[in-house]
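I open this notebook to record what I looked up in one structure. The entries follow the order in which I consulted it.

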Amino acid sequence: MKYKRVLVWVLPSIVIALMAYLLGYSNFLEVKTIDRNLSADYSADYSTDFKDLDSVINKAEFHLNLGAKLARVNVRGAEKALAEIPWVAKASVSRNWISGKVSITIEPRVPIATVINQASGTAAYIDKTGVVYRDPNFKGSLPSIAISNSKYLKRLASFVAQLPSELIDNLENLTLMASGDLETQISNGNQSFSVNWGDGRKFEAKWLILQ
């Protein structure tokens, strides 16, 4: 009876110690492969030199390197740091305890227009959710939006995000006037015309009238 009581206390301790060794120190459970995936089509319009992405992945604190212990891979920390990259919409990191593979999946933002600050000469992008961000990897051409005052940038981004794709495709230019009005230059075949949307509110009604 006495031996049984000892076993009840000793065996769990041995199991815990063995698991701790396997997870934290043994070469049995280590990172064998790292698979990085981009969920969007990064082809003709993008470069493939993701320095900002690599700078996060290569941080020692995340243990995202071959030979690292799987138990020490900082999944949540890496996901949070990757999601803070301006052009990243969503990031996920997972590990397979059997194969030793770590999968890093990046969902990039999709730009629909370029916004140019005429005062500073700097350029940024607006994605389909109305977020303004920078992306050093994007090399494609998009409708251009001229802005002289960043004061109205948030409102402008919200306006652009609600534009239908057929309008964006024919959008030659969008200017935020000094008055705060939004004016677009739209192409229609061989013709081009200007539309003043006012402050951008009640867009759906105005779009129906324009159509």
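The entries below concern aromatic pairs, one aspartate and a set of paired strands.

**Entry 1. Aromatic pairs**

I note at the outset that the model is predicted. I searched for aromatic pairs and found three of them. I looked up the pair formed by Phe-50 and Trp-87, which is tilted, with 5.6 Å centre to centre and 35° between the planes. I then asked where in the chain these two residues lie. Phe-50 is in the loop between strand S1 (33–38) and helix H2 (51–57), and Trp-87 is in the loop between helix H3 (75–83) and strand S2 (88–95). The two residues are 37 residues apart, and the pair thus links distant parts of the chain.

I also checked the accessibility of both residues. Phe-50 has a relative accessible area of 4% and counts as buried because this value is under 20%. Trp-87 is likewise buried, with a relative accessible area of 0%.

Tyr-125 is buried at a relative accessible area of 15%, and Tyr-133 is buried at 4%. I recorded that ring pairs join Tyr-125, Tyr-133 and Phe-138 into a cluster.

**Entry 2. Asp-127**

I located Asp-127 in strand S5, which spans residues 123–127.

I then looked up the polar partners of its side chain. The side chain of Asp-127 makes a polar contact of 3.1 Å with the side chain of Arg-109. A polar atom of the Asp-127 side chain also lies 2.8 Å from the backbone nitrogen of Val-131. Leaving aside residues up to four places away in sequence, I listed what Asp-127 touches: Arg-109, Val-110, Pro-111, Ile-112, Tyr-133 and Ala-161. Tyr-133 in this list is also a member of the ring cluster of the previous entry.

**Entry 3. Strands S7, S8 and S9**

I examined how strand S8 (residues 171–176) is paired. S8 runs parallel to strand S7 (residues 144–147), and four bridges join the two. S8 runs antiparallel to strand S9 (residues 182–188), with five bridges between them.

I followed Asn-173 across both pairings. Asn-173 in S8 stands opposite Ser-144, and Asn-173 also stands opposite Gln-185 in S9.

Conventions
Residues are numbered from 1 along each chain as its sequence is written. This is a predicted model: local features need pLDDT of at least 70, side-chain atom pairs count only at pLDDT 80 or more; totals for chains, interfaces and linings use all residues. Side-chain values use heavy atoms; hydrogens and water are left out. Rings of Phe, Tyr and Trp (its six-membered ring) pair if their centres lie within 6.5 Å; planes under 30 degrees apart count as stacked, over 60 as edge-to-face and the rest as tilted. Buried means under 20% relative accessible area, exposed over 50%, partly exposed in between (1.4 Å probe, protein chains only). A polar contact is a pair of N or O atoms within 3.5 Å; within protein, one must be able to donate a hydrogen and the other to accept it, and residues adjacent in sequence count only if both atoms are side-chain atoms. Contact means heavy atoms within 4.5 Å. Two strands pair if DSSP finds at least two bridges between them.
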